[in-house]
Amino acid sequence: MAKVINSMKTEFLSRSANEGFARTAAACFAAQLDPTLDEIGDIKTAVSEAVTNSIVHAYPDCLGKIVMRLRIFDDNSLEIMIKDFGVGIPDIEKAMTPLFTTGGEERSGMGFTIMDSFMDKLKVRSVPGKGTTVTMRRKISLRAGAR
């Protein structure tokens, strides 16, 4: 089992402006693993999708709290956890189906699919009325001369 060597946690309101903050914070924290630009792009995209899901779906009619925790493991992997305390998902399997959305016509329904394709592991837990936790993990490739 890999050991945690660094971690950070932050909390913010479900305002759309905070999606950019979350992306940037995750990228800055992940930078210590010396990821490629493609890896950073994948991390930022996955965080953006998870946070946007919380903003749009968890709190459709109000502001709420979103917690983001990142952990770096000694196997050069990054774990990203995005947690909200919103409406929850009654059927996770259905919600993870490509093109399914509860967000209206302007939403693509591809958030979980994108997260899954950009990360090595994706786990979604949810309790209706209590919120959703998305946990993603990505191993960062060691570059020549690193560590």
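**Close-up 1. Helix 1 meets helix 2 in this predicted model.** E19, A22, R23, A26, A27 and A30 of helix 1 touch I40, I43, K44, T45, V47, S48, V51, T52 and I55 of helix 2. Sorted by class, the contact of helix 1 with helix 2 holds nine nonpolar, three polar and three charged residues.

**Close-up 2. The axes of helix 1 and helix 2 cross at roughly 145°.** Helix 1 covers residues 17–30. Its axis and that of helix 2 come within 9 Å. The crossing of helix 1 past helix 2 is right-handed.

**Close-up 3. Helix 2 packs with helix 4.** Helix 2 spans residues 37–58, and helix 4 spans residues 111–118. The angle between them is about 150°. Their axes lie 9 Å apart. Angles over 145 degrees count as roughly antiparallel, and helix 2 and helix 4 are therefore roughly antiparallel to each other. Helix 2 passes helix 4 in a left-handed crossing.

**Close-up 4. Residues of helix 2 and helix 4 form a contact.** Helix 2 supplies D42, T45, A46, E49, A50 and N53. Helix 4 supplies G111, F112, I114, M115 and F118. By class, this contact has six nonpolar, three polar and two charged residues.

**Close-up 5. Residues line the second largest pocket.** The lining includes R69, E79 and M81. K121, L122, K123 and R125 also belong to the lining. T133, T135, M136 and R137 complete the list. By class, the lining of this pocket has six charged, three nonpolar and two polar residues.

How values were computed. Residues numbered from 1 in each chain as written. Predicted model: local features only at pLDDT ≥ 70, side-chain atom pairs only at ≥ 80, totals over all residues. Heavy atoms only, no water. 1 Å grid on protein atoms, 1.4 Å probe; cavity = no way out; pocket = protein on both sides within 12 Å on 5 of 7 lines; lining within 4 Å. Nonpolar A, V, L, I, M, F, W, Y, C, P; charged D, E, K, R; others polar. Axes fitted to C-alpha atoms, helices over the stretch in contact; angles between N-to-C directions. Helix = DSSP H or I, 4+ residues; strand = E, 2+ residues; numbered from the N terminus. Parallel < 35°, antiparallel > 145°, perpendicular 65-115°, else oblique. Left-handed = near helix turned anticlockwise from the far one by under 90°. Contact = heavy atoms within 4.5 Å.
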